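Here's a quick tour for anyone meeting this model for the first time. Have a look at the fold, then read on.

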Amino acid sequence: QVQLVESGGGLVQAGGSLRLSCAASERTSSSYVMGWFRQAPGKEREFVAALDWASTYTYYADSVKGRFTISRDNAKIMVYLQMNSLKPEDTAVYYCAAGPRLHTDTNLYPYWGQGTQVTVSS
């Protein structure tokens with residue numbers, strides 16, 4: 001079973017930065033995708049960013065484009081989410097996910113971490 005563990009969440013002021021990390025126990029396949037989703041109370045879980053491991057192609061939600069950066073550490077099977085210029089509306093539980101293809105549909109990622117809380121105060 002593939003296990004994903006997120007870390008790095010916390011409380012920051014608006015305009016501040018955080019870097020989230022997600023460590024995977026093993027690669028899901030020779031070709032796979034890792035991404036980030038988030039969910040605020042009372043809202044649907046939404047796509048944030050994803051990275052194709054082999055090509056390093058990245059894709060971002062419009063709401064975070066230009067502020068967030070997804071990257072990888074292949075030696076550790078780890079993916080990061082650098083979050084800059086944070087806004088109160090970024091407050092959510094952030095989840096790491098892995099799957100066979102890059103897409104924005106939550107239901108199509110079979111592997112998930114436990115989530116890490118990010119709170120942005122004004």
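The chain has 0 helices and 11 strands; helices (H or I, at least four residues) and strands (E, at least two) are DSSP runs, numbered from the N terminus. Going along the sequence, you get the pattern β-β-β-β-β-β-β-β-β-β-β.

This is a predicted model, where local features need pLDDT of at least 70, side-chain atom pairs count only at pLDDT 80 or more, and totals for chains, interfaces and linings use all residues. Residues are numbered from 1 along each chain as its sequence is written, and side-chain values use heavy atoms, with hydrogens and water left out.

## Overall dimensions

The C-alpha trace spans about 45 × 30 × 25 Å along its principal axes. Of the 122 residues in the chain, 43% are buried (under 20% relative accessible area; exposed is over 50%, partly exposed in between, with a 1.4 Å probe and protein chains only).

What share of contacts between residues at least 6 apart in sequence joins residues at least 24 apart? That would be 57%, where a contact means heavy atoms within 4.5 Å.

## Two loop residues to look at

Most residues other than glycine have a negative phi. Ile-77 has a positive phi of about 50° without being a glycine. You'll find Ile-77 in the loop between strand S7 (68-73) and strand S8 (78-83), and Ile-77 is buried, at 12% relative accessible area.

Ser-85, also not a glycine, has a positive phi near 50°. Ser-85 sits in the loop between S8 and strand S9 (92-99) and counts as partly exposed, at 42% relative accessibility.
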